[in-house]
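Subject: Structure handover

Hi,

Here is the structure for your files. My notes follow below it.

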Amino acid sequence: MGSVEETKKAHLPKDFLWGFATASYQIEGAIHEDGRGDSIWDTFCRIPGKIADGSSGETACDSYHRYKEDIALLKDLGAKAYRFSISWSRVIPLGGRDDPINEKGLQYYESVVDQLLANGIEPMITLFHWDLPQALHDRYGGFLNQEEYLKDYVNFARVMFKALGPKVKKWITYNEPWCTTILGYNIGQFAPGHTSDRQKNPVGDGSTDPWKAGHNILISHGAAVKVYREEFKPSQSGVIGITLNGDWVEPWDADDEQDVEACERKLEFSIAWFGDAIYKGEYPASMRKQLGDRLPKFTEEEIALVKGSNDFYGMNHYTADYVKHLETSPEPDNFNGNLETHKTNKQGHAIGPETQSPWLCPYAPGSRKLIKWISDRYDRPIMYVTENGTSLKGENDKSTDEILEDDFRVQYFQDYITAMAEAFTFDNVDVRGYMAWSLLDNFEWAEGYETRFGVTFVDYEGGQKRHPKKSARAIGDIFKILIES
Ligand code: GBH
């Protein structure tokens, strides 16, 4: 946190856009309905042992049928915006540029957009939040096949710009490519579950595949942005960017210069991998040094597509780590800059309290520092915080009444939103919006339904009823105070 004085003076601009975020596979359900095709998450969930509670997105929050209820809730909470994502395989069931478009799938998203606008809520659409059509994975290996994938992604993007662009003014090409690539092609914890670890999967090379997939995703992002800018932006006048995840870092031993350096390396391997490509047209030197030729090189043509391809920077942020350098030389599969992350430092001090998510320990000052780090590195881009939120330790084991009193989450939002306002007020950053993760408890990927991130309790067994928690209303109150009147 800033000083008491700073906290008191922190504010946000009048037109600041705030709201809530979700993602298609995590909330929609209806996976077999109205012609939707499988995504890699449908098939991944069917493999025993991949999802903590053996669940899947089959029903999720049933938002495919309950979107009107969800939007009424958004309105009730005072949200100005709603960030949601498109299930590619609902719109193009087989995914490819020569495959049929599913009108019913497209209609669903048109209805969502119309319903939002009718309620005065601005839609912010993520084209891709991890649910690649399974058919594209089977056909040519998905992200790993640059030529095919690029054309299919651009086709999908064009279909969406054409259908919804007259009404939608904020587009996000990808949510967190780090997760798709590292978790999907190195650790194997996310679909498609590729990894070098033969105990987990017979296929995958974690030392090369994530870097190839990341490169191809970046190029397809750039190509989709080019299409938007050339074919749609002139008449639709919206903005488009990518959303990157990133945790803040502090040295494990503040007196150890090598831990301090390792912190910078960690930020470069997780954030600047994509950020430098987009804002500077190159990969960070630290990555080139460690990965050598395993990190693809940009051709001139590719740089032309990728460099300068963000109208805004979408920032997903949740937590922080202590970073300890390693003395040994990097393993081929190392993806983080040859270091360890810890939740306690050398003195045994914890970076933040525990939550239900082992990776998440709230440390709000890190959020102000990270916003500034990104802003400084990329010359003050327009920024939107596109996700921020927390789980609660043991929340799922509590009674409904107890769950609704989520004071820990209220505090989290209070601290993080204030930290963002401090960055706006004192650090010369251009942050223009904030979407809390998440509107609803939902399918938390490999953690299934045991971990809840919603400001709204979803009673999965009790007819999917939505019960706003204390935090749902607290967010509006926090913004009311911070936004200049
Ligand atoms: C977001 O990612 C996602 O966009 C969203 O869909 C999700 O529901 C939300 O977080 C809550 O998890 O297990 O140690 O390998 C946040 C960034 C980065 C957080 C990867 C989890 C896994 C760390 N994520 N991280 S580990």
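Strand E6 and strand E8 (residues 320–325) run parallel, joined by 4 bridges. Strands count as paired if DSSP finds at least two bridges between them. Helices (H or I, at least four residues) and strands (E, at least two) are DSSP runs, numbered from the N terminus.

Before the rest, the ground rules. This is a predicted model, so local features need pLDDT of at least 70 and side-chain atom pairs count only at pLDDT 80 or more, while totals for chains, interfaces and linings use all residues. Residues are numbered from 1 along each chain as its sequence is written, and side-chain values use heavy atoms, with hydrogens and water left out.

**The sheet**

E6 and E8 belong to an open sheet of 3 strands, in the order E6-E8-E9, with mixed pairing. Its edge strands are E6 (248–251) and E9 (339–342), each pairing on one side only. From one strand to the next, the twist averages 40 degrees. Glutamate 250 stands opposite tyrosine 322 in E8. Helix H11 packs on the sheet and touches E6, E8 and E9. The direction of H11 makes about 125 degrees with that of E8. Axes are lines fitted to C-alpha atoms, for helices over the stretch in contact, and angles run from 0 to 180 degrees between N-to-C directions. Contact means heavy atoms within 4.5 Å.

**Helix pairs**

H11 (residues 257–280) also packs with H9 (residues 177–187), at about 125 degrees and with axes 10 Å apart. The two are therefore oblique to each other (under 35 degrees is roughly parallel, over 145 roughly antiparallel, 65 to 115 roughly perpendicular, the rest oblique). Pro177, Trp178, Thr181 and Ile182 in H9 meet Phe269, Ser270, Trp273 and Phe274 in H11. That contact divides into 6 nonpolar, 2 polar and no charged residues (Ala, Val, Leu, Ile, Met, Phe, Trp, Tyr, Cys and Pro are nonpolar; Asp, Glu, Lys and Arg charged; the others, Gly among them, polar).

H14 (residues 364–377) and H16 (residues 407–426) pack at about 35 degrees, axes 8 Å apart. Their contact has 7 nonpolar, 1 polar and 3 charged residues.

**Aromatics**

The count is 48 aromatic pairs. Rings of Phe, Tyr and Trp (its six-membered ring) pair if their centres lie within 6.5 Å; planes under 30 degrees apart are stacked, over 60 edge-to-face, the rest tilted. Tyrosine 25 and phenylalanine 443 have ring centres 5.5 Å apart and planes at 85 degrees, so this pair is edge-to-face. The two residues lie 418 residues apart in the chain.

Best wishes
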